[in-house]
Amino acid sequence: MDALEYFELLANNISQNIEKEDKAISSLLVTNNNHLIRDNLKHPNTSREYHFPDEVRVVC
Amino acid sequence: MRLGLSVNHKNTVYLIGSGIKSISHLTVEAQACIKQADKVLYLVNEPIIEQWIVKYSNHCSSLEDLYFSANERSEKYQLISDKIVSDSLSTKALTVVFYGHPTVFAEPGLKAIKVLDDLNVNTVVLPAISAEDCLFADLRIDPGENGCYSVEASDLLIYDKNLIKDSDCIIWQVGSVGNIQSPTYEVNNIGINLLIAKLEEYYPKEYIVYIYEAAMYPSTTAYIQKCKIKELGDNTLTPLSTLYIPAIKRNPPNLEIIRKLGLQDKF
């Protein structure tokens, strides 16, 4: 599953909780190819809460 | 031409928006316009929606290079508008995608549509989800309750516009106040201080306002920060920030108007 497929899955899932894919997306989002997505998830205000898996939040 | 929405043989331009939250905000008709057009031009806010367009369109091209080829926003918009007009003349069905709503704070699309309407090209403009729509949902606001005044931050200052205290007020691009070039994370402090001074002409310094940014990805949440007007400059503002100011008071009903409307027993 690539990043696009993952987000398509999220967009089509009402609970938006697809835990089994968390690890896959974590590795996708930290690669250089996806640096723009990672930057979007990184916000200068640290109080912002993104409900992404821990691995991603650490990187962001 | 694959798109079945056109009823004659003239070229057609579909101006659409991708919404704010990637993929989630694409309407069914917007998806059809992307999938069935001969060509798609796009200027979007993040890479996933770009990947979606690349995957599902027959042929597409980004407007980003044009956007970044000029310094001032007005120049960028003119270049993009010219590109849309130019491509529309050689494309049977052309879809142009902007993020958000295609006519809300998206000047080049509307500019092009006005030119195309004079060039005998069919134009279709579809509604989409804007940041303001997201704000209404996330802050649980019904703009029908107090009315809602919407204004761009720099315009508010430069044209000395009035705020309406008995309506909710939404100030767009508050993090870009005073900036006419590409959006930047560097806030113009002079602009913010002028904005605070403007707001304090209407509201108490202690009045609570909301800094808002809509969620950009499914499974993420909006950014909502409450602060006092006088502390606006101490908070993180970005090019995506919108300021929401709740109505401060509601005018009492006009009894003379109520009498003329025959509604005396309702108030």
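In this predicted model, domain 1 and domain 2 of chain B touch through 12 residues of domain 1 and 10 residues of domain 2. On the domain 1 side of this contact, three residues are nonpolar, five are polar and four are charged. Domain 1 of chain B covers residues 12-125 and domain 2 covers residues 131-245. Their centres, taken over C-alpha atoms, lie 27 Å apart.

The largest nonpolar core has 68 residues, and the members that touch the most others are B:Tyr42, B:Val97 and B:Ile171. Strand β4 of chain B, residues 93-98, gives this core its largest share, with five residues. Both domains of chain B take part, since at least three residues of the core come from each of domain 1 (12-125) and domain 2 (131-245).

The surroundings of B:Val97 show one part of this in detail. With neighbours within four places in sequence left aside, B:Val97 is in contact with B:Ile16, B:Ser18, B:Ile34, B:Val40, B:Tyr42, B:Val44 and B:Ile53.

A further contact joins the two chains. From α1(A), the residues A:Ala3, A:Leu4 and A:Phe7 take part, and they meet B:Ile48, B:Gln51, B:Trp52 and B:Lys55 of α2(B). By class, the residues of this helix contact are five nonpolar, one polar and one charged.

Technical notes:
Residues numbered from 1 in each chain as written. Chains lettered and ligands numbered in written order. Predicted model: local features only at pLDDT ≥ 70, side-chain atom pairs only at ≥ 80, totals over all residues. Domains from an automatic or database assignment. Contact = placed C-beta atoms within 7 Å. Nonpolar A, V, L, I, M, F, W, Y, C, P; charged D, E, K, R; others polar. Core = buried A, V, L, I, M, F, W, Y, C linked by C-beta atoms within 7 Å. Buried ≥ 20, exposed ≤ 12 C-beta atoms within 10 Å, placed from the backbone. Helix = DSSP H or I, 4+ residues; strand = E, 2+ residues; numbered from the N terminus.
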